[in-house]
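Hi everyone, thanks for coming. Let me put the model up on the screen, and then we can walk through a few parts of it together.

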Amino acid sequence: MDLKTNHTAPVITDPVPIGKSRLGVHSSLLPYSPPGAVFSSNLFLTIPRKKTGILDDIRSSTWLDAMKSSSPPHKRINKDYNNELASPDVDVAYRAWMLKFPSALGSFDRITNFAKGKRIALFLDYDGTLSPIVDNPDCAFMHNAMRKAVKMVAKYFPTAIISGRSRDKVYEFVGLKELYYAGSHGMDIMGPVRQSNDHPNCIKSTDKQGKEVNLFQPASEFLPMINEVFSSLVENTKEIAGAKVENNKFCVSVHYRNVDEKSWTTVAQCVNDVIKDYPRLRLSHGRKVLEVRPVIDWDKGKAVTFLLESLGLSDSEDVLPIYVGDDRTDEDAFKVLREGTYGYGILVSSMPKESNAFYSLKDTTEVMEFLRSLVAWKKSSAL
């Protein structure tokens, strides 16, 4: 069956709407904000909104601005805190931002006080969270110290990694059998077997250790289409220096981090030229990456909900889910925890940006420290 048509244009997704109210969230979950604190909108990195429909002019300033603001400059990521915030204005903005999104390390006692008597479930993004953002996505290796921290935290809490990468690629990077893995933004989940299974796209399988698991792939019908688009994108971008196309099984990522900014319009045009005939695919962007994904009602937030159900931890007041991530795709998970399951979202960012998260961590080093702190707290509380 030919799934291609030229009657409908790809959908370019809007940023996650940010709620102006914390109504409906348990008050004890809220980070402390001083009375009367005012946060100016110009303190945050905002992504211009885009209209759904035909992308008549891919070179429009709105789309280019969105590409430019999708991540902070790479040079800021690897520098230390003092160099990173060299500008007094940026320093003031970041400090003001942290009043609204306080450090998860500085607020650790508050988090663990609320966690007493509860079962913590931990969800982690990979790139930018467990591994620093690097120029070559194939070299985003996890440091041994981070791997040890993740291994230890998984010993005490059910832990899952939810990434835009393919599930096999994330497992190759992490290499820990103690975790649950969700690739392709949650469209490829390997989780624990449960008694009842009411998801039609969930089948029993075995992991690399031969253990029985549930394999959930809600976009399995899109595999031929994704492979076709991947091949076309590789061909169409081969002349663009620095462009890299990655097949993440249920989504295709076009990285432009190493592309000269003058050629970003060419990258966007190439992607649009390929997917304009695929109405069942949508175009979105992350940190210097354009992503082509199936148009289905599934995201990292729904992946968190699915895993909590699989772990038998949903609909329970004694469960505290914590999600740590750095990208706009993690906002779906932050939103679920804020509005539905009463958990904590922790945004990894060294720059002020609006978010559905409760707390923040500056970089992967602070993420590792937070994981170690959780382990130390669990050990001491068991004494």
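Let's begin with Gly-312, which follows helix 10 and has a positive phi, near 70 degrees. At the start of helix 10, a side-chain oxygen of Asp-299 reaches to within 2.9 Å of the backbone nitrogen of Gly-301.

Please keep in mind that this is a predicted model, where local features need pLDDT of at least 70 and side-chain atom pairs count only at pLDDT 80 or more, while totals for chains, interfaces and linings use all residues. Residues are numbered from 1 along each chain as its sequence is written, and side-chain values use heavy atoms, with hydrogens and water left out.

So how much of helix 10 is covered? Eight of its eleven residues are buried, where buried means under 20% relative accessible area, exposed over 50% and partly exposed in between, with a 1.4 Å probe and protein chains only. Among the buried ones are Val-304, Phe-306, Leu-307 and Leu-308.

Nine strands form an open sheet with mixed pairing, in the order 6-7-5-4-3-2-12-13-14; two strands pair if DSSP finds at least two bridges between them. Strand 6 (202-206) and strand 14 (359-361) stand at the edges with a single partner strand each, so one side of each has no neighbour in the sheet. On average, neighbouring strands here are turned by 20 degrees against each other, direction ignored. Helix 10 (residues 300-310) packs on this sheet and touches several strands, including strand 2, strand 3 and strand 12; contact means heavy atoms within 4.5 Å. The direction of helix 10 makes about 155 degrees with that of strand 3, on a scale from 0 to 180 degrees between N-to-C directions, with axes as lines fitted to C-alpha atoms, for helices over the stretch in contact.

Within the sheet, strand 2 (residues 119-124) and strand 12 (residues 319-325) run parallel, joined by six bridges, and Phe-123 stands opposite Tyr-323. Strands 4 and 5 pair in the antiparallel sense over three bridges. They form a hairpin with four residues between them, and Ser-184 in the turn has a positive phi of about 50 degrees. Ala-182 stands opposite Ile-189 in strand 5. On to strand 7 (residues 212-216): three bridges join it to strand 5, and the two run antiparallel. Here Asn-214 is the bridge partner of Gly-191.

Which way do the residues of strand 5 point? Asp-188 and Met-190 point one way, Ile-189 and Gly-191 the other, and all are buried.

That brings us to Arg-167 in helix 7 (residues 167-174). Arg-167 is buried, at 9% relative accessible area. Its side chain makes a polar contact with the side chain of Asp-188 at 3.2 Å. By polar contact I mean a pair of N or O atoms within 3.5 Å; within protein, one must be able to donate a hydrogen and the other to accept it, and residues adjacent in sequence count only if both atoms are side-chain atoms.
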